Amino acid sequence: MESIQPIKNQAEGANCCSAGPGTDKKKITARQLAAGLLGLAAWYIIYKELLPFSYFFSYGLLGLEKGSHLGEAIQFFVYDTPKVMMLLTLIVFVIGMLRSFFTQERTRKYLAGKRETAGNVIAAMLGIVTPFCSCSAVPLFLGFVQAGVPLGVTFSFLIAAPMVNEVAVILLYGLLGWKVAAIYLGTGLLIAIISGWIIGRFKLEHWIEDWVQELRSAEVEIIEEKLTWTDRIDRGYEAVRDIVGKVWIYVIAGIGVGAAIHGYVPETFMASVMGKDAWWSVPVAVVVGIPMYSNAAGIVPVVEALLGKGAALGTVLAFMMSVIALSLPEMVILRKVLKPKLIAVFIGVVGSGILFTGFLFNLII
Amino acid sequence: MEIKVCGPGCASCEKTQKIVEAAIAATSVDATLTKVTDFQEIAKLGIFSTPAVVIDGEVKSVGNIPKQSQVEGWLR
């Protein structure tokens with residue numbers, strides 16, 4: 001047997017296309033299960049010891065002074081790097097397994113029968129778990145149109161898929177706590193649902209390129225894979241090898257930058273530029289974020305450092321969402337199937353949603 | 001034998017192409033390999049997730065990277 005090829009995908013870390021199907025009809029053995037549980041226990045024990053270890057390493061082993069710039073920076077780095085990597089590995093594994101249940105074919109078939117509103121909600125949620133990358137956005141869009149999924153529902157999916165990124169959620173949870181992660185997840189979903197719903201109201205089907213319209217009658221080739229649990233576990237391993245293998249360098253670089261800001265930049269430095277009082281910082285953050293195309297893994301540690309230095313949560317969230325959800329390269333690809341007007345509407349609606357989120361959180365937190 | 005690898009040129013598609021090339025070499029069948037990158041053309045084949053492999057007009061895999069052993073099976 002050939003070894004399974006690791007899948008390459010876009011920098012954002014989303015799973016582009018699922019890997020080769022397996023045909024083995026094996027069941028999970030008791031031994032596999034035991035090994036899994038043992039691994040999980042070891043993971044937990046190590047995870048718990050990371051913080052004490054970082055203190056021991058920086059202030060005990062290296063003998064750095066507590067509260068010194070270098071000491072703070074190094075402790076931050078030594079704690080956050082393994083913590084984030086461990087969280088990432090575990091969650092990516094679980095999501096990799098989960099994703100084997102949500103193929104694009106299944107999602108498409110499911111959404112085709114849904115009406116708007118309920119369809120928008122379901123599409124946004126499926127956007128989180130269905131394998132997706134910006135290079136597969138166009139074929140996926142075509143498939144949705146072909147299957148007769150309403151345009152607004154399709155957009156809910158297209159917005160949620162990159163914006164509510166599992167890597168970003170994990171990192172936010174690991175670095176900033178579950179509240180910020182939940183806010184990000186919740187508002188991201190809401191923006192996708194509402195934006196898609198609005199686009200659906202506008203009835204903009206005629207702004208899809210003409211050749212796409214003609215696809216409605218086309219025949220679709222569907223090859224369903226039959227997967228066993230062993231295959232799904234393999235998918236989990238592949239996802240880890242693939243996503244973690246690709247983003248670790250960004251994570252370390254991001255945490256490095258974060259550590260430097262953490263240790264050296266004065267506490268209130270960001271408050272004047274990105275603080276609550278600077279209302280204009282929200283739109284600026286969104287506009288600056290559009291041409292930037294970073295993956296979630298690289299940007300979250302920077303976000304953490306910015307927040308720690310007095311930047312307002314709303315502004316930072318707006319910046320992050322803009323970077324992840326409104327990317328120039330994706331627009332260029334979508335241009336092949338959408339007329340420019342529809343792309344403008346897309347950017348306008350999603351951009352407004354992000355702005356709103358930014359202002360809202362600056363106001364209430 | 002006429003083989004088409006469909007995909008807009010993302011990393012997964014490149015990988016698929018390499019696997020197909022390797023499979024052709026391994027089985028030493030007489031085959032021409034073409035790469036289809038145009039979305040319109042891909043959609044016409046009825047394919048809506050990439051990468052996909054088409055052999056003599058028959059769609060063999062959609063939306064995933066096949067294993068080399070699989071591709072060799074299709075070629076034989």
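A residue is buried if 20 or more other C-beta atoms, placed from the backbone, lie within 10 Å of its own; it is exposed if 12 or fewer do, and partly exposed in between. By that count, I found 49% of the 76 residues of chain B buried.

I note that this is a predicted model, in which local features need pLDDT of at least 70 and side-chain atom pairs count only at pLDDT 80 or more, while totals for chains, interfaces and linings use all residues. Residues are numbered from 1 along each chain as its sequence is written, and chains are lettered from A and ligands numbered from 1 in the order in which they are written.

**Entry 1: chain B as a whole**

I looked up the elements, which are DSSP runs numbered from the N terminus (helices: H or I, at least four residues; strands: E, at least two). Chain B has 3 helices and 4 strands, and from the N terminus on I read them as β-α-β-α-β-β-α. The radius of gyration of chain B is 11 Å, close to the 11 Å from the globule rule for 76 residues, so chain B is as compact as a globular protein of that length. The radius is taken over C-alpha atoms, and the rule is 2.2 Å times the number of residues to the power 0.38. The C-alpha trace of chain B spans about 30 × 25 × 15 Å along its principal axes.

I then looked at contacts (C-beta atoms, placed from the backbone, within 7 Å). In chain B, 65% of the contacts with a separation of 6 or more are between residues 24 or more positions apart.

**Entry 2: two helices of chain B**

How do the axes of α1 (residues 11-27) and α3 (residues 68-75) of chain B cross? They come within 9 Å and cross at roughly 55°. Axes are lines fitted to C-alpha atoms, for helices over the stretch in contact, and angles run from 0 to 180 degrees between N-to-C directions. α1(B) and α3(B) are therefore oblique to each other. Angles under 35 degrees count as roughly parallel, over 145 as roughly antiparallel, 65 to 115 as roughly perpendicular and the rest as oblique.

I listed the residues that meet: Ile19(B), Val20(B), Ala22(B), Ala23(B), Ile24(B), Ala26(B) and Thr27(B) from α1(B), with Gln68(B), Val71(B), Glu72(B) and Leu75(B) from α3(B). By class, this contact has 8 nonpolar, 2 polar and 1 charged. Ala, Val, Leu, Ile, Met, Phe, Trp, Tyr, Cys and Pro count as nonpolar, Asp, Glu, Lys and Arg as charged, and the others, Gly among them, as polar.

Key: Contact = placed C-beta atoms within 7 Å.
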